Each structure stands twice: as C-alpha cells, then as structure tokens.
Amino acid sequence: MPVVLTQHRLVGSLPPNGIEAICIDRDWDHAAQVGEGVVATSTNPHSLAYMIYTSGSTGRPKGVQIPHRAVVNFLSSMRREPGLISTDVLLAVTTLSFDIAALELYLPLTIGARLVIASREAAHDATKLANLLSSSGATVMQATPATWRLLIAAGWRGNRHLKILCGGEALPSDLAGQLLTRSASLWNMYGPTETTVWSAVHQVTTDKNPVVIGRPIANTQLYVLDQQLNPVPVGVPGELHVGGVGLARGYWRRPELTAEKFIPDPFSLASDARLYKTGDLARYLPDGTIECLGRVDYQVKIRGFRIELGEIEATLQQFPGVRECVVIAREDTPGDKRLVSYLVPAKERQPATGDLLSHLRQKLPEHMIPSAFVVLNSIPRTPNGKVDRRALPAPDQTRPELGAIFVTPRNELEASIAAIWQRALRVEQVGRNDNFFDLGGHSLLLVQVHSALLNTFPAVAMLELFRYPTIKSLAEYLRQGGKNHSSSDKARDRAESRRLALNRNRQRRLQS
C-alpha cells in the first residue's frame, strides 16, 4: 500500500520501502486546509478491498484477494442477520490477522453502533475478558468456540442481553448448550476466507441436535455436490461449494491454484459466475439447512485457526532426522483438540522433541506446533497403501525428550505447581525447568492451570502464566507476591523482541 496513516512517534517502526506516512498528529493542520469537495476516486465494486494470507499445504501461504463488493455485501447482510443496530455495543476480541475481524471493526462503523476493542491482555485472559464484557455493556461479541470455552472455564456466567456469534470452527452441541443458557441469542457462523468471512448463518435454539451451518447470507448460493458437480440428494454427503458476490478474485499470483479452487458455476447463466470448492463435507437436511460433516481433505481448525496438516508435515520432512511423518488432529479429551505428529526417524536414534520444536518454530506460527510427537517404526497403512490414520496410537503420558534436563521440583510450591501441570497436560512427570508450551500446553489448558492456582493465589493474572512458562520461574514470581524482577523482565522482553523479529522476518520471506 502506498500511504499509511500513523503518528509521528511510530514512523520509525515502518519498513523502509518507500511508504508515504501521513502523521495525523503532525500534519493535521495542513490536512484541515483541504476543501470539503468530493474526492475523485477510481475505486469500483470490483476493486481490491484487502488481501489476507491463509495456510498453504506446501508450506507456501496463499494470498486471498477480496473485492469491495464482497465486503459491502457481507456487511449489509450481517446488518440484517444476525443483526446490529445503532444502540448495540460490540466487543471486538479478534486479532487483525484473522479475517473475521472485518465484522467487528467495520460493521459497527457502518451503522453507528459502539465499538469496544479489547486489549491484547484482556483478549488472552478469560477473567479480564469476562469483566470487560460486563463493564463495557457489550450486547454483541464474536469469537471462536475456543474463546467461549475459555470464558466458561474461567467461571463466566453469561449475560442475558448478549448476542453471541460463534464461528471459525465447528460449534459442538455441548458448548452450544452452555452458551444458550448464558445469552440472549446464539448464532453459528460459517464461511471460508475465500468467500469473505461468513457465507452462512444459523440461529441456534437447541443443543439436542448437531449444530448446522444453516442457510446462505444475501446474494450467496450454497451447493452440495458430488465429484461430477451433480447436486446430491437430501441426507447424502458431498463437497460444499459456495457461489455469489462474496467470492474472492482468487489467490495472489497463483493462477493454477485459483483455477483449481474457483471453478465455473454450472448453475448460473452468467458467463463469469464461479463456485468456490470449500473442501468441506456437508449434507442437506430435510428442512433445507446444511450440516457440515468435516473436511474432504485433511485441513482442520483448532482454537479458531485454519491449519492444513500438509504444511506441518512438509516442514517436519525438512528436519534431517525425520524420514517420514504424519500429523493429525486428535480430541482424546472432549473439547481439547490438539495436533499430534507421528514420525519415523531417518536413523536409529530418534530426534529429540526439543530439536523438533526448535526447527518448527523457526518456520511455523505457534498454533501450528504439534502438542506431542510419537515415534513409530513405520506409519500404519491401509491395504491400498494409504496412511491409516485411524490406526495411529494415542500419545502416551511420558515426559517428552526436551532440551531442558529433567530437574525434580525443589520445594512444596514447585511440587504443587507440577501437580497442577500434570493434571492439565496429562503428563506423568514434569521438571522445574520444563516449559509449559513445550510439554503440549496451550491457552485452553492454561485456563485450567490458572483456575487451580487462584485457590491459593487469588491475585495472579492469567497473562503472567504466559510470562513465566516454567515451574521455576512461576514459583519465583509467586513467592515474590506477584512482583516482577526488573532484570528477569528485561531478559524476557529481549527474548520476546527477538521472537517477534524472527516472526516478522519469516513473514517477509514467505510473502516475497
């Protein structure tokens, strides 16, 4: 983009690539002298509104190009259903790198509603988020099932004036039941990035049946088709296809992939009409609604993130000690879906989990890092030679081989923290130098740890558990009564800065 609106103190953080920075705090007097006439623009409904990257199965992210007409149609439809009025207060909790943030930021502005943007700390701390839901007077909030589970796990009792929008991954019936008793209304939202945020909405009124994705939004068509693009009968599974004005232009500089996924619409008289092949398995129900049954391929969604397992497998294959690997999403405990990697080592000595984690973190974001690594002599296969994913065993409860040497907890406080971790992570042995996230932990499990710690340390904030991810560091922090050590804080800040810099460099390499 050629121009960025910013503040003078932030100009130095922009990349040095010729972007023109207009500082609203420094250049405002000059801008105020410009006349109020209509500004000429070449923008039209087919002009590009934004481009957002999604995961790629070969390790190469895909840039999805969304035109203005798709965004306008989406916002106009959302205004009617699930609905937003000028007196509403929408609490925004989604990161800008997730396309569903478009609803949170733009919809209130188009209608004159109030927008409250949660801080990063509040969005990651279920207790703070619950308090913000109350103090802000929020009447609408959109989040993934994982975030709603975090709130419920933290003791959130709900709000009878709150409209809940839930999307990003499948909404389980048990979670729907819990949300129905905590809200004014509950809406299940469905849509791939390639069809502009949400393509179907459904108001959930019961948890007695599987949650459906409902019917398409305005100017959108949904088709359940077989491999020959014929409509399947009611109740018969097929691949879900989406048509209408919400479709993206295609993938940035990926004409072959665009042609593969965006196909001519055989049901339209318009010569340029297209359908997007979602890769989702679905079926029509007798009442005309659509039930989503999972993926045709092996793309999954975990805690709101769309993940193509092939991308993780391709990255693991680059590690010298891995001969063959398979990554799947397991849900051995209801509500706790996690990534598990199965690998056959290239040599007799199996690679250490710590080395695998280090390799993956240099190339992949944190939500794509497997929680467990299982070493096998061979990958199980079906009689026709395909990987038999159903035969892959559940991970055991032994401590993984990490870079940190196992050291037994040294006092009662460390032992009590270790016991909490063992229950949450389902690991038999935890050392004082082990990192919670290296052991397979994630934010949902951290809520359980936080809840258990509150019984003894009622003032501890969940965000501090991210800052002190080892038993040793967390115990030292708690012994100090929650006071930070300046030297350790600086070291953590430096480490965080290095991590962010590595992520920025990785994104630049991927985009180039």
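In this predicted model, Asp 280 and Arg 295 pair up in a salt bridge, with their closest N and O atoms 2.8 Å apart. The partners sit 15 residues apart, Asp 280 in strand E16 (residues 274-284) and Arg 295 in strand E17 (residues 290-295). Asp 280 is buried at 10% relative accessible area, while Arg 295 comes out as partly exposed at 22%.

That pair belongs to a set of 12 salt bridges found across the whole structure. Another one joins Arg 283 and Glu 291 at 3.0 Å, N to O; here Glu 291 is buried, with a relative accessible area of 10%, and Arg 283 is partly exposed at 28%. Arg 381 and Glu 324 also meet, with an N to O distance of 2.2 Å. Arg 381 is partly exposed at 42%, and so is Glu 324, at 22%. Elsewhere, Glu 121, Asp 125 and Lys 128 are tied together in a salt-bridge network.

Disulfides are another story: the search turned up 0 of them. The sulfur of Cys 166 has its closest cysteine sulfur in Cys 292, and because 14 Å lies between them, a bond is ruled out. Cys 166 is buried at 0% relative accessible area, whereas Cys 292 is partly exposed at 28%.

Finally, helix H14 (residues 471-479) has several buried residues, among them Ile 471, Leu 474 and Tyr 477. Its buried residues pack against helices H11 (412-425), H12 (443-454) and H13 (462-467). Just past H14, Gly 481 adopts a positive phi of about 75°.

How values were computed
Residues numbered from 1 in each chain as written. Predicted model: local features only at pLDDT ≥ 70, side-chain atom pairs only at ≥ 80, totals over all residues. Heavy atoms only, no water. Disulfide = S-S within 2.5 Å. Buried < 20%, exposed > 50% of the residue type's maximum accessible area, 1.4 Å probe, protein only. Helix = DSSP H or I, 4+ residues; strand = E, 2+ residues; numbered from the N terminus. Contact = heavy atoms within 4.5 Å. Salt bridge = Lys/Arg side-chain N within 4 Å of Asp/Glu carboxyl O.
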